[in-house]
Amino acid sequence: MAHYKAEQDDWLIIYLKYLLFVFNFFFWVGGAAVLAVGVWTLVEKSGYLSVLASSTFAASAYILIFAGALVMVTGFLGFSAIVREDRSCLSTYFCLLLVIFLVELVAGVLAHVYYQRLSDELKQHLARTLSENYGQPGAAEITTSVDRLQQDFKCCGSNSSADWQRSAYILSPEAQGRQVPDSCCKTVVARCGQRAHPSNIYKVEGGCITKLEQFLANHLLLMGAVGIGVACLQTCGMVLTCCLHRRLQLHFH
């Protein structure tokens with residue numbers, strides 16, 4: 001009877017090990033996805049960050065990068081703990097899973113919260129940025145961001161091209177008679193912004209705010225979904241780790 005029970009315990013341990021191994025593989029892949037989303041946000045989309053009043057968008061990306069890197073390191077620890085059947089490693093693995101779960105949950109919640117206040121922030125901040133900061137000394141980063149924003153989204157002004165008429169840059173001698181910045185033009189050449197006709201510049205209903213709001217909303221939802229999705233997956237891993245740890249404890253006692 002004792003021999004049968006020992007064999008049953010062995011099979012349960014093997015079964016749990018295979019389940020945890022499969023989970024750990026998907027967990028590691030999920031970590032790579034989280035890391036990729038975070039890096040992509042900062043590398044590809046960092047040009048828009050300086051036109052936002054809040055740093056929450058960038059903070060969410062940094063948290064995802066940290067969590068993704070930690071997931072990949074933890075994944076290697078998990079493989080080692082499973083193969084060696086080391087209970088102390090399994091305990092460490094469980095603790096790291098819990099930490100990552102909390103970090104990714106925070107990133108997901110931050111992305112969701114920021115999504116809720118995104119529209120108000122853009123409406124209040126973007127128009128002020130265009131009128132007060134664009135083309136001003138010491139604001140080269142903002143100027144570059146606005147130029148890239150208008151070219152990438154094929155838009156002009158925060159709500160419309162008329163917003164530029166209140167801009168400190170357009171009213172200054174540096175504008176050289178431009179009615180809008182050159183980045184509003186469909187084909188950018190020097191001083192093309194002197195003519196604000198629809199055939200020459202982008203006339204988009206809702207302006208850049210509508211385009212940027214939709215872009216950020218979609219991206220933040222992606223960040224939140226990836227973070228919360230991997231965090232939920234980890235609950236399965238924590239349960240399996242606890243079960244395997246308990247079985248190994250019973251088996252060796």
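Reader: Is K154 buried, partly exposed or exposed, and what is its relative accessibility?

Author: The relative accessibility of K154 is 46%. Buried means under 20% relative accessible area, exposed over 50%, and partly exposed in between, with a 1.4 Å probe and protein chains only. K154 therefore counts as partly exposed, at 46%.

Reader: What kind of model is this, and how are its residues numbered?

Author: Residues are numbered from 1 along each chain as its sequence is written, and side-chain values use heavy atoms, with hydrogens and water left out. Local features need pLDDT of at least 70, side-chain atom pairs count only at pLDDT 80 or more, and totals for chains, interfaces and linings use all residues, since the model is predicted.

Reader: Where is K154 found, and what is its phi near?

Author: K154 is found in the loop between α4 and α5; helices are DSSP runs (H or I, at least four residues), as are strands (E, at least two), numbered from the N terminus. K154 is a residue other than glycine, yet its phi is positive, near 55°.

Reader: How many helices and strands does the protein have?

Author: From the N terminus on, the elements run α-α-α-α-α. That makes five helices and zero strands.

Reader: What percentage of contacts between residues at least 6 apart in sequence join residues at least 24 apart?

Author: A contact means heavy atoms within 4.5 Å. Among contacts between residues at least 6 apart in sequence, the share that joins residues at least 24 apart is 73%.

Reader: How many disulfides does a search of the whole structure find, and what is the pairing of the bonded cysteines in sequence order?

Author: A disulfide is a covalent bond between the sulfur atoms of two cysteines; here the criterion is a pair of cysteine sulfur atoms within 2.5 Å. The search finds three disulfides. With the bonded cysteines numbered in sequence order, the pairing is 1-6, 2-3, 4-5.

Reader: Which parts does the disulfide of C155 and C208 tie together, and how many residues apart are they in sequence?

Author: The S to S distance of C155 and C208 is 2.0 Å. The link is right-handed, with 100° about the S-S bond, and both cysteines are buried. C155 lies in the loop between α4 (140-153) and α5 (207-251) and C208 in helix α5, so the pair ties together parts whose separation in sequence is 53 residues.

Reader: Which cysteine forms a disulfide with C184, and how many residues apart are the two?

Author: The sulfur atoms of this pair are 2.1 Å apart. C184 and its partner C156 are each in the loop between α4 and α5, 28 residues apart.

Reader: What is the handedness of the disulfide of C185 and C192?

Author: The sulfur atoms of C185 and C192 are 2.3 Å apart. C185 counts as buried at 0% relative accessibility, and C192 is buried at 9%. The torsion about the S-S bond is about 115°, so the disulfide is right-handed.

Reader: Which residues have the most contacts inside the largest nonpolar core?

Author: A nonpolar core is a set of buried Ala, Val, Leu, Ile, Met, Phe, Trp, Tyr and Cys residues joined through side-chain atoms within 4.5 Å. The largest one has 23 residues, and those with the most contacts inside it are W164 and L212.

Reader: Which elements give two or more residues to this core, and which gives the largest share?

Author: The elements that give two or more residues are α3 (87-133), α4 and α5. The largest share is five residues, and it comes from α5.

Reader: How many residues does the second, separate core have?

Author: The second core includes L20, A81, I82 and Y93. Its residues number 15.

Reader: Which helix gives the largest share of the nonpolar surface patch?

Author: The patch is made by V22, F25, F26, V29 and L233. V29, one of them, counts as partly exposed because its relative accessibility is 39%. The largest share of the patch, four residues, comes from helix α1.

How values were computed: Patch = residues over 30% accessible without salt bridge, like charges linked within 9 Å, V, L, I, M, F, W, Y side chains within 5 Å. Areas by Shrake-Rupley, 256 points an atom, 1.4 Å probe, with all protein chains shown as cover. Salt bridge = Lys/Arg side-chain N within 4 Å of Asp/Glu carboxyl O.
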